[in-house]
Amino acid sequence: MLELHFHPLASWCWKVLIALYENDTVFEPKNVDLMDPAQREALERLWPFSKFPVLRDLGRERVVAESSIVIEYLTAYYPGPVELIPSDPELAREARLRDRIYDTYVHDPMNRIVANKLRPEEHRDAYGSDRLKAELQKTYDILERQFVARPWALGERFSIADCAAAPALFYADKVSPIGTARPELSAYLERLRERPSFARVLREAEPCFKYFPGG
Ligand SMILES: N[C@@H](CCC(=O)N[C@@H](CS)C(=O)NCC(=O)O)C(=O)O
């Protein structure tokens, strides 16, 4: 009943895959090759911005885009033992805030640094890329202070914020290393890598890692 339109190397798709694997949610993976014009057009018909992940719920006749919104949808209609958005409103607000922080201040700059690397050399923006790396370094310092004595972004429980953090930090660390001076954040990234849901995502992405342009 659920289809996920995604690519195994795409970081925002990882965020939703982690959520699906956390709750063993059954879905059909639909791998999209954006280099293939027919597949790109098919994605565009589902979601005019032609970005993935896109979740299609054939049973409820819904197409859901944007990783955070997909996780909201899964939490509402396909809940499992891991409550990715807590039912307590105060905690839910905190989870959503942290999800936003990872998307806005880690994932987005990381993504732009990678996109810059993929440009033809003469169109690369070294100044812009250095600014984004400095932004990441500042964010790491803020996050480092948040992880003292807490295993996950919300504390003891795994949430949407950790789904957002895993891909964002994994790739951000490659383009602008977290470094040994931030032991709490480094240990958090290690815990995320060991979490079975994310370990599975990484295993499945392994054959595509050769296409990542590097740090
Ligand atoms: N804000 C969106 C971002 C989605 C996004 O940018 N996805 C990337 C892959 S990680 C994509 O579709 N890139 C293809 C393109 O830009 O052509 C979300 O949270 O889902």
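Reader: What makes up the shell around the ligand, by class?

Author: In this predicted model, the shell has six nonpolar, two polar and two charged residues. The residues themselves are Ala10, Ser11, Trp12, Cys13, Leu34, Lys51, Phe52, Pro53, Glu66 and Ser67.

Reader: What is the peptide bond from Phe52 to Pro53, cis or trans?

Author: Cis, with omega near 15°. Most peptide bonds are trans. Pro53 sits in the loop between helix H2 (37-46) and strand E3 (54-57), and both Phe52 and Pro53 are on the list around the ligand.

Reader: What about the phi of Glu66, positive or negative?

Author: Positive, near 75°, and Glu66 is a residue other than glycine. Most residues other than glycine have a negative phi. You'll find Glu66 in the loop between strand E4 (62-65) and H3, and Glu66 is another of the residues around the ligand.

Reader: Why is Glu66 called partly exposed?

Author: Count the C-beta neighbours inside 10 Å: Glu66 has 18. Buried takes 20 or more, exposed takes 12 or fewer, and partly exposed is what lies in between. So Glu66 counts as partly exposed.

Reader: And why does Asp24 count as exposed?

Author: Asp24 has 10 C-beta neighbours inside 10 Å, and the exposed class is for 12 or fewer, so Asp24 counts as exposed. Asp24 is in the loop between H1 and strand E2 (28-31). Its phi is positive too, about 50°, although Asp24 is not a glycine.

Reader: How do you know which class Val148 and Thr104 belong to?

Author: Val148 has 8 other C-beta atoms within 10 Å, so Val148 is exposed. Val148 is in the loop between helix H5 (126-146) and helix H6 (160-175), whereas Thr104 is in helix H4, residues 89-118.

Reader: How far apart are Val148 and Tyr188, in sequence and in space?

Author: They are 40 residues apart in sequence and 9.9 Å apart in space, C-alpha to C-alpha. For Thr104 and Ala168, it's 64 residues in sequence and 9.7 Å in space, again C-alpha to C-alpha.

Reader: Why are H7 and H8 called roughly perpendicular?

Author: The axes of helix H7 (residues 183-194) and helix H8 (residues 196-205) cross at roughly 75° and come within 5 Å. The roughly perpendicular class covers 65 to 115 degrees, so H7 and H8 belong there. Leu192, Arg193 and Glu194 of H7 meet Phe198, Ala199 and Leu202 of H8. By class, that contact has four nonpolar, no polar and two charged residues.

Reader: Which domains are assigned, and how far apart are their centres?

Author: The domain assignment gives domain 1 (2-77) and domain 2 (89-205), with C-alpha centres 21 Å apart.

Reader: What makes up the contact between domain 1 and domain 2?

Author: 12 residues of domain 1 are in contact with 18 residues of domain 2. On the domain 1 side, H1 and helix H3 (67-77) are the elements giving two or more residues. H1 gives the most there, with eight residues. By class, the domain 1 side has eight nonpolar, two polar and two charged residues.

Notes. Residues are numbered from 1 along each chain as its sequence is written. This is a predicted model: local features need pLDDT of at least 70, side-chain atom pairs count only at pLDDT 80 or more; totals for chains, interfaces and linings use all residues. Axes are lines fitted to C-alpha atoms, for helices over the stretch in contact, and angles run from 0 to 180 degrees between N-to-C directions. Helices (H or I, at least four residues) and strands (E, at least two) are DSSP runs, numbered from the N terminus. Angles under 35 degrees count as roughly parallel, over 145 as roughly antiparallel, 65 to 115 as roughly perpendicular and the rest as oblique. Two residues are in contact if their C-beta atoms, placed from the backbone, lie within 7 Å. Ala, Val, Leu, Ile, Met, Phe, Trp, Tyr, Cys and Pro count as nonpolar, Asp, Glu, Lys and Arg as charged, and the others, Gly among them, as polar. A residue is near a molecule or strand if its C-beta atom, placed from the backbone, lies within 6 Å of it. Domain bounds come from an automatic or database domain assignment.
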